[in-house]
Amino acid sequence: MRADKLYLVGFMGAGKTSVASALGRRLGWRSEDVDERIETREHRSVAGIFIDRGEAYFRQVERDVLSDLLPIRNVVVATGGGTFVDPANRAAILKDGAVAWLDLPLSRVIERIPPDGRRPLAADLVQMEELYLRRRVAYAEAHVRIDAAKPVDEIVERLLEWIGY
């Protein structure tokens with residue numbers, strides 16, 4: 001697949017931000033992180049937004065940020081864990097660029113997520129597992145599935161091969 005834009009989707013802790021940054025450097029493209037753009041726009045953390053304004057507000061800001069990213073080319077976009085789950089977001093992303101699902105087993109997700117409250121949807125392990133299983137259905141619509149348990153440099157090489165660079 002040839003592409004001038006690549007979206008990385010997957011569950012929290014899958015490494016989307018790290019891979020986007022490394023892949024952007026290799027391609028000479030910029031990398032963008034949806035959650036970081038939201039935090040910059042809102043002048044607070046994702047966790048703070050969830051606490052102060054709720055998930056519905058956060059999802060609206062997420063849609064707005066995604067809309068701002070649509071016209072940009074030669075970019076690797078690390079989406080938030082729930083960005084691709086929204087049907088309208090998913091349709092826009094699939095139409096706009098190449099989409100790679102960074103798939104990580106739940107046990108590895110749990111190992112990677114710090115218990116510091118920065119991930120508001122990870123506070124309850126039972127609920128997080130249910131969320132993980134529900135979201136996989138949406139992630140499976142990505143153009144390609146990548147094993148995110150591999151080191152970042154291997155993931156980058158696999159993605160470069162996939163997009164033909």
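## The largest cavity

In this predicted model, the largest cavity is lined by G10, F11, A14, W101, L102, D103, L104, Y132, R136 and Y139. Two elements, strand 4 (98-103) and helix 7, each give two or more residues to that lining. The volume of the largest cavity comes to about 30 Å³, and the count of cavities of 30 Å³ or more is one.

## Aromatic pairs

Two of the residues that line the largest cavity, F11 and Y132, also face one another as an aromatic pair, and the structure holds four such pairs. The rings of F11 and Y132 are arranged edge-to-face, with 5.2 Å from centre to centre and 90° between the planes. Because F11 lies in the loop between strand 1 (5-9) and helix 1 (16-27), while Y132 belongs to helix 7 (residues 125-139), this pair ties together parts that are 121 residues apart in sequence. Both F11 and Y132 are buried.

In a second pair, formed by F50 and F58, the ring centres are 5.0 Å apart and the planes stand at 45°, so the pair counts as tilted; an edge-to-face pair would need planes over 60 degrees apart. F50 and F58 are both buried.

In soluble globular proteins, nonpolar side chains tend to be buried together. Here the largest nonpolar core holds 54 residues, and L6, L8, V109 and L159 are the ones that touch the most other members. Helix 8 (residues 152-163) makes the greatest contribution to this core, giving six residues. When residues up to four places away in sequence are not counted, L8 touches K16, V19, A20, V76, V77, A78, T79, A100, L102 and L159. Among these contacts of L8 is L102, which is also one of the residues lining the largest cavity.

## V99 in strand 4

V99 is found in strand 4, an element that also contributes to the lining of the largest cavity. V99 has a relative accessible area of 0% and is therefore buried. V99 and R59, by comparison, are 40 residues apart in sequence and 20 Å apart in space from C-alpha to C-alpha.

H43 is placed in the loop between helix 2 (34-42) and helix 3 (46-53), and with 72% relative accessibility H43 counts as exposed. N74 lies in the loop between helix 4 (55-69) and strand 3 (75-78); its relative accessibility is 38%, so N74 counts as partly exposed.

Note on methods
Residues numbered from 1 in each chain as written. Predicted model: local features only at pLDDT ≥ 70, side-chain atom pairs only at ≥ 80, totals over all residues. Heavy atoms only, no water. Phe/Tyr/Trp six-rings, centres within 6.5 Å; stacked < 30°, edge-to-face > 60°. Helix = DSSP H or I, 4+ residues; strand = E, 2+ residues; numbered from the N terminus. Buried < 20%, exposed > 50% of the residue type's maximum accessible area, 1.4 Å probe, protein only. Core = buried A, V, L, I, M, F, W, Y, C linked by side-chain atoms within 4.5 Å. Contact = heavy atoms within 4.5 Å. 1 Å grid on protein atoms, 1.4 Å probe; cavity = no way out; pocket = protein on both sides within 12 Å on 5 of 7 lines; lining within 4 Å. Points joined across faces, edges and corners; volume = space filled by probe spheres on them.
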